[in-house]
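Visitor: Could you show me how to read a structure like this one, feature by feature?
Guide: Gladly; let us look at it together.

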Amino acid sequence: QLNMLDFFKKKKKDYIKDDFFNVCKIIKEIMPELQSYEIKRDTTFEELGFDSIKYINLMLNLEDIVGIQLEDIVEEVDLSTVHTINDLVIVVGKFK
C-alpha cells in the first residue's frame, strides 16, 4: 500500500481510473489542510474554501492527471455551473 507522498509521485498512467478519487486526491494535494476532511460528491467548492486561483490550479492538475486539456473544457462547459465535486466528476467523465 502506498503512502500519500508515494501516491503523488506516481505518473498519470499510475493513477487509479476513478474520477471521483482522482479529483479528491488533487484537491487534497492543492489544499493539504483538507487531508483529514471527508470530501463527498455533494461537497461544494465553496465549502472547501476554493477561490478562483485554487480552482484554476485544480483544473491544471486535472489536465496532467487525466489528460484533459483545459482549453477543451472551457470550450465545451460553462465552468460557472460546476459547484460540487460531483459536477466536476461528471465533466471529467465527458472528456475521457
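Predicted model: local features only at pLDDT ≥ 70, side-chain atom pairs only at ≥ 80, totals over all residues.

Guide: Residues are numbered from 1 along each chain as its sequence is written, and side-chain values use heavy atoms, with hydrogens and water left out.

Visitor: How many helices and strands are there in the protein?
Guide: Helices (H or I, at least four residues) and strands (E, at least two) are DSSP runs, numbered from the N terminus. Here there are five helices and zero strands, giving the pattern α-α-α-α-α along the sequence.

Visitor: What percentage of the residues count as buried?
Guide: Buried means under 20% relative accessible area, exposed over 50%, and partly exposed in between (1.4 Å probe, protein chains only). Of the protein's 96 residues, 41% count as buried.

Visitor: Which residues touch the most other members of the largest nonpolar core?
Guide: In soluble globular proteins, nonpolar side chains tend to be buried together. A nonpolar core is a set of buried Ala, Val, Leu, Ile, Met, Phe, Trp, Tyr and Cys residues joined through side-chain atoms within 4.5 Å. The largest one has 26 residues, and those touching the most other members are Val23, Ile27, Phe45, Phe50, Leu58, Ile85 and Leu88. Two or more residues each come from helices H2 (19-30), H3 (52-66), H4 and H5 (85-94); H2 gives the most, with six residues.

Visitor: Where do Leu62, Asp19 and Lys28 lie?
Guide: Leu62 is in helix H3 and counts as buried because its relative accessibility is 1%. Its C-alpha atom is 9.9 Å from that of Ile27, 35 residues apart along the chain. Asp19 belongs to helix H2 and is buried at 14%; its C-alpha lies 5.8 Å from that of Val89, 70 residues apart along the chain. Lys28 is also in helix H2 and counts as buried at 14%, with 9.4 Å between its C-alpha and that of Ile39, 11 residues apart in sequence.

Visitor: Which residues gather in a patch of negative charge on the surface?
Guide: Like charges are joined within 9 Å, each placed at NZ of Lys, CZ of Arg, CG of Asp or CD of Glu. Here the negative patch holds Glu71, Asp72, Glu75 and Glu76. Asp72 lies in helix H4 (residues 70-76) and is partly exposed, at 34% relative accessible area.

Definitions and conventions: Patch = residues over 30% accessible without salt bridge, like charges linked within 9 Å, V, L, I, M, F, W, Y side chains within 5 Å. Areas by Shrake-Rupley, 256 points an atom, 1.4 Å probe, with all protein chains shown as cover. Salt bridge = Lys/Arg side-chain N within 4 Å of Asp/Glu carboxyl O. Lys, Arg positive; Asp, Glu negative; His and termini not counted.
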